[in-house]
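Visitor: I am new to this. Could you take me through the charges, one by one?
Guide: Gladly. Here is the model.

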Amino acid sequence: MDLTKDFQEIDLKQSGKFMYELAERLYPICRSITGNGVRDTLSILKEFIPLKIEEVPSGTKVLDWEIPDEWNVSDAWVKNSNGEKIVDFKKLNLHLLNYSLPIDKTIDLEELKEHLHTLPEYPDWVPYRTAYYNRQWGFCISHNQFQRLTEGDFHIYIDSEIKPGSLTYGEVLIPGNTKEEVLFSCHICHPSLCNDNLSGIVLAAKLADILKTMTLHYSYRFLFIPGTIGSITWLSRNEDTVKNIKHGVVLTLLGDSTPFQYKKSRQGNSEIDRIVEYLLKDEIGSKMLDFSPYGYDERQFCSPGFNLPVGRLSRTPFEEFPEYHTSADNLDFISANNLCDSLEFLLKVISVVEGNKKWINLNPKGEPQLGKRGLYKTIGGQRLQKNYQMALLWILNLSDGSYSLLDIAIKSGIEFELLLEIAKELEQVKLLK
Amino acid sequence: MDLTKDFQEIDLKQSGKFMYELAERLYPICRSITGNGVRDTLSILKEFIPLKIEEVPSGTKVLDWEIPDEWNVSDAWVKNSNGEKIVDFKKLNLHLLNYSLPIDKTIDLEELKEHLHTLPEYPDWVPYRTAYYNRQWGFCISHNQFQRLTEGDFHIYIDSEIKPGSLTYGEVLIPGNTKEEVLFSCHICHPSLCNDNLSGIVLAAKLADILKTMTLHYSYRFLFIPGTIGSITWLSRNEDTVKNIKHGVVLTLLGDSTPFQYKKSRQGNSEIDRIVEYLLKDEIGSKMLDFSPYGYDERQFCSPGFNLPVGRLSRTPFEEFPEYHTSADNLDFISANNLCDSLEFLLKVISVVEGNKKWINLNPKGEPQLGKRGLYKTIGGQRLQKNYQMALLWILNLSDGSYSLLDIAIKSGIEFELLLEIAKELEQVKLLK
Amino acid sequence: MDLTKDFQEIDLKQSGKFMYELAERLYPICRSITGNGVRDTLSILKEFIPLKIEEVPSGTKVLDWEIPDEWNVSDAWVKNSNGEKIVDFKKLNLHLLNYSLPIDKTIDLEELKEHLHTLPEYPDWVPYRTAYYNRQWGFCISHNQFQRLTEGDFHIYIDSEIKPGSLTYGEVLIPGNTKEEVLFSCHICHPSLCNDNLSGIVLAAKLADILKTMTLHYSYRFLFIPGTIGSITWLSRNEDTVKNIKHGVVLTLLGDSTPFQYKKSRQGNSEIDRIVEYLLKDEIGSKMLDFSPYGYDERQFCSPGFNLPVGRLSRTPFEEFPEYHTSADNLDFISANNLCDSLEFLLKVISVVEGNKKWINLNPKGEPQLGKRGLYKTIGGQRLQKNYQMALLWILNLSDGSYSLLDIAIKSGIEFELLLEIAKELEQVKLLK
C-alpha cells in the first residue's frame, strides 16, 4: 500500500489528454438542474467509472426544498421575417434561457427585445442565463447581434417541456480500509460551459478512475450533482453517511491557467484545510480564501447543521474572470495541460490525506541509538544527508500522540513525502507505531 | 422596540446646542470632590433627568478609604499694597488651590510666592491644582502675572471651611426589560474645566435624557460622581448591583475636536470593548488603547476585586494635550459640534449593545429556500442588492449559537445595522429565533 | 534573602578573570566521552565546588543505549623518514582522532593519507574529529601541512587503549528552600576546545561557586557530563529527580563576543523560555530560536518522554561560526570579558527565576489608599517618580493570582527588578501576599 509510488506510475500527460477529450464530448450537451442532459452526461461517465445513478421524483421534499419539475428541450430558434434562423439553440445551447417555457409565436421586435439577454461589456459573447424557479422564456445573444436587429416580425419557437419527472445525479463510492470518507463533489447542471462545471466533472471522474483500483485507507465518494438543489437532495438522503465524511473538496473552475485558490471549510482549520494550505505553499501565486457563505455546493455542505470539513479548490473564482457564465468559457478556455496540473495537485492532496497520521515514538525517553539500528552512518552516502537525519529526529521528537505527520512537516519545514518514508522505516525497526 | 429608528428621530444638532449651553451654565460653578459646587451642579441636571442625589457623611468608611471632610468656599482674593484685587476667585475659580484652608493675613512677596502655582511653559494660562488630602492654602495664577509681581505687602483672604459634612453624588437608573445594566460614569469634581469633567457630564445627562422615554433591553445607570473617592464610595455601597453590570463606559474629554480613543477594560476583550472597536473602525484617526491601571474611574471599576467590563471613551487622553488642567480648558476649547459627534457615536454604541444577540438558525441543514419566503427576488430592486443577500447568507450560516450579530458583522464585513434589520426579517419568517 | 543585592556584591570582573584562568588550566587536557581527561577535569573543579563524581561501568544499559568502553591515550605521533615528529599529540591533542585505536606501524604516504583529516577551507586550522562508535585510527592536521607532505615512510604511533572501564560525570546539588530544581548542564567531552565545552564548564562551575553559599528558593543542580551519552546516562539514573526540574538551561558556546541566542525548550512557552526572552529584549542583536531536535543535550532533556522545560543559552550556535570544532576555537577565541558578560546575564536569569511569583492583592476592591500607608507623596522626591507609582498600580491591579511578576513586567513594560522591590514593600504594608 504505497500510494505515493502508485501515483508516480500514472501517466499524467495522458490523463490530461483523456480529461480534455472527455470535456469535448460533454461540451455540446444541454445540461440543467434536471433533464436528459444530465442523464446523457452521467451515462458517458459510467463508461469508465462505477457510477450509481439516482432519480429523485419531482415534488419530493428535500430538507427545506422540493424537487422541481423536470425540464427538457428538443429545439429552439428565432427566425426573422425572411425565415432565416437568426438564433439557433442547436448551434449553441447557451442561446436558450435555461428552463424556458415552450412557445411558438410571431412577435415584433419590441416584444422580442424584452426576452433577449446580452452582455454589453463583452459584445461578442453570449451570456448564460437561467430561470429555474421563475417561469418565463428567453434567448441569450451577443450584444453585437442585438444591436444589428432591425424592425420586423420574428417567429419564436421553443420546443421544451417542464413537467413532473425527476432530478438525476450520479455517485461513486470507492471503498477503503475504513468507513471514513473523503468527498469530492462537482456540479453537472451547466450547459456548454467548460471551466465552470466541465473541468470539475472530468477531474472528479478521472480521480475516481485512478482510485478505483488502489488500496486506500479512506473510502472515497464522488458526487456528480446539480448545484444547490443537488447537494441539498444528496444531504437529505444521506444524513447517516455524512458523519463519516472526514475531508471533502468541491471541484470547480480547474481548467484555466491561473494559480490555485482554495476556499477553506467553515470550520476554518480542518485537516483538509491545513493539508491544502501546506501544499499550496509550493504553488506560486496561489491563495487561501476564508470561508464565506456564498459560492458553490460548499454552501450546503458547510451549512451550520452539517458543518462538514469541506473546502473548495478552484483557480480564479467565479465572478472574477470575465468569461464566467458566457460563451467564452468554451473549449479554448481550458486545456489538457491545466487539467493535468489540477489532477497532479489533487493526487498530492490525496497522498497527504492518506499518509497523515499521528505516530507514537515507542522509545520516548532520550533519543534511541540510531547507529545500532542501521539508521545512522558515519561514512557519507545518500542516507547521511542532513535532511534525512533531521527528518528522523523531528519525527522521533514530536511523535508523542499530539502531532500528526503534517504538523511535523509544518514545524520542521521538511517535506511530507520524506517524513512519510522515514516514518515507515522507523515503524519497521519498531521505534514508531 | 426599534431603537435605531428612535435614535434616527433625534435632532442631533439641537442636542449638541443643548449640551453646550448646559456646559455654559455649569462652567462658573466651583466644584470639588465635596461641597456645594457638586450640589449646585446636580440640581441643574435634576431639572431634566430623574436624578437621585446621595449624601454620604464625612468619616464613613468606603472600601479602603474614608469620606473626607467637606470643603466650601465663599470668596478668595489677593490684594496688593494699593488695595487692588490682583487675584480674584470670583472671576476664575481656578485661581484658588482646590481644598485651600481659610486664611486672612498680610504677608510679603517672598512668603506669597511660596503659595503661588504657575505654568512657566504656558505663561498665559492659570493652572488647576488641588490639595485634597494635604492641608494647605494657595493660589494659581498665570506665569506672566507671577513675573510682574513687585515687592510689597499682600493681603491674602480665603473664606473657606473644611469640616465634617458629606460627599454628594448623583445617580440615574433607567429601567429596561432586564436587570442587566449598562453603566455610564462621569466625574463631577473639577471646577471651571470644560473638556475635563463638563464634556462628560453634559453627554451623560443628555444620554440619560434621551433614553429615559425609550423601550430598552438593558437597564441604564448613569453616575455623576467625584473622581476616585466617588467611584470607591459608589462601589462600596452597591456591591450587589455591580454583578448586573454587563457593559460600562467612563465618559470624559469628549468635547474637543480630536479623534476618539477608547481604553479597553481590564478584561481586554469584553463585549463593550469589541463593540467600540468595531465602531471605531469607521472613525478616521481613532485609537484603541490597552488597559492600564492609571486614568479615571475605570481604575476602580476595573480593580481586580470588581474587574467590570468598563472601558473609557475619550478623545485626546489627559496629559497629552497642553490645555489639560489649565484655564485654557475653557468654553472655547469645546464645541456644540464636537459634543454632538460624541453623542452620535455613543448612540451607535448603544444601538449595537442593544441589538447584539446570538440568534439560532431554525433551518440549519442546508440553506433554506429563500424564494418561497419572499426573501429572494430574481428581478432587480432594492432588496436584490448583493449586500442584502450576502447579509442573509452570513446570518443563516453563522447563527448556530456561537456567533453574536457583532461577530457576524466582524467576520462578514457587513454593517451591523443591516444585519440587525435582516435578522428581524428572518425572525418574522421563522428562520431565526 | 535578597538575592539581587547578594548578586550586586559579586566582583564580576574578578569572576571573569577566574573563569578564564580556569579555562587555561583545563585547555591542555585531552577529554573525550570517557577516560582520564574527564576525571582530571572534574578533579580541578572539585577544588572549589562540592562536586559528586560518578563512575558508570562500561556495558551498563542506559535507556536505549549502553555505556561504551573507556578510551585513554598516553601518546601519539607521526614521524617522517628522517625520524622527525611531524604530528605530535602532546603539542595539540586535536591532532589525534578522538577514540583512535592503538597502532605502531610504518606506512607509506598513500596509506597515511587515508587516515588524515584536514580542513581545506581553513588551511591553517586543525579540525577536531571523533570516531566513538566506529573503531578506527587517524590524525587531524592543517591542510597546509597536508599539502607539504612528500613521499616516504611514516612511523605511526598511537599509545591508546579502548577497554571496559567506566563513564565519568560530575554533579553538584545546591539545596534551596524547596525540592523544586533549576538545572544547569554543560558537556565535558571535548579536548582542547574553548568556546565549545570549556566556556560552559567554567560558567557552570563559577555559578555553582556563587550560589553555594546563598539562601535560595529553588535547589540548583549542575551537571558536568559528556554530550548525549552523558545526559542519557544521567536521565536513566535520575528518573525520580526529573519531575522536580522546573527550569533548566544547557550552557555552551558562551565565551565568544557575539550576542546571545537562546533556544527555547520543546514546550516552547515554559517559564524559563519566557524569562530569558524577557531579559534578552535588552540585549542588542540577541535572538530567540525555536526548539529543534538537533543540538546539544537539550535533545535528550526535551525528548518526548521527558519533555523538560530546558532551553539552551549560547552565543553564535555551533556550525554557524567557522572556528567551531577546529584548533581555532582556542584560548584566543574566548575572553574573560565575554565570560563575565555571560555570567552577569545568567545571574539576571536566576534573579528573575527566584523572584517570579504570583502575588495576591489583599485589598482587591478599588485601589487601596496609598497615602495613609506612606506609599504616595504629594511633594516630589525619588519615590514620586511616575515609574514608581505606575509599578505600584500595575502590581495591585494584576495581582489576582493569574499574573506572575514576570507577566506584569511584560504587560506594563516596567523592569522586573523595580516590580520585585515594590512587591516586597507592598507585602510589608500587608497589601500583597
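Guide: This is a predicted model. Over all chains, the structure holds 72 salt bridges.

Visitor: What makes R373(B) and D64(A) a salt bridge?
Guide: Their side chains meet at 2.7 Å, N to O. The cut-off is within 4 Å, from a side-chain nitrogen of Lys or Arg to a carboxyl oxygen of Asp or Glu. So R373(B) and D64(A) qualify.

Visitor: Why does this pair join two chains?
Guide: Look at where each partner sits. R373(B) is in the loop between α11 (336–355) and α12 (386–398) of chain B, while D64(A) is in the loop between β2 (61–62) and β3 (65–66) of chain A, so the pair joins two chains.

Visitor: Why is D64(A) called buried?
Guide: Its relative accessible area is 9%. Buried means under 20%. So D64(A) is buried. R373(B) has 24% relative accessibility, so it counts as partly exposed.

Visitor: How do you know that E239(C) forms a salt bridge with K365(A)?
Guide: The closest N and O atoms of E239(C) and K365(A) are 2.5 Å apart. The limit is 4 Å, so the pair counts. This pair crosses between chains, too. E239(C) is in helix α8 (residues 239–242) of chain C. K365(A) is in the loop between α11 (336–355) and α12 (386–398) of chain A.

Visitor: What makes E239(C) partly exposed?
Guide: Its relative accessibility is 33%.

Visitor: How are D209(C) and K206(C) placed in their helix?
Guide: They are three residues apart in helix α6 (residues 194–211) of chain C, so about one helical turn separates them. D209(C) has 18% relative accessibility and counts as buried. K206(C), at 11%, counts as buried too.

Visitor: Which residues are linked with R39(A) in a network?
Guide: E55(A) and E70(A). Salt bridges link these residues.

Visitor: Why is E114(A) called exposed?
Guide: Its relative accessible area is 60%. Exposed means over 50%, so E114(A) passes. E114(A) sits in the loop between α4 (109–113) and β7 (116–117) of chain A.

Visitor: What makes the patch around E114(A) negative?
Guide: D108(A), E110(A), E114(A), E151(A) and D153(A) gather there on the surface. Asp and Glu count as negative, so the patch is one of negative charge.

Technical notes:
Residues numbered from 1 in each chain as written. Chains lettered and ligands numbered in written order. Predicted model: local features only at pLDDT ≥ 70, side-chain atom pairs only at ≥ 80, totals over all residues. Heavy atoms only, no water. Patch = residues over 30% accessible without salt bridge, like charges linked within 9 Å, V, L, I, M, F, W, Y side chains within 5 Å. Areas by Shrake-Rupley, 256 points an atom, 1.4 Å probe, with all protein chains shown as cover. Charge placed at Lys NZ, Arg CZ, Asp CG, Glu CD. Helix = DSSP H or I, 4+ residues; strand = E, 2+ residues; numbered from the N terminus. Buried < 20%, exposed > 50% of the residue type's maximum accessible area, 1.4 Å probe, protein only.
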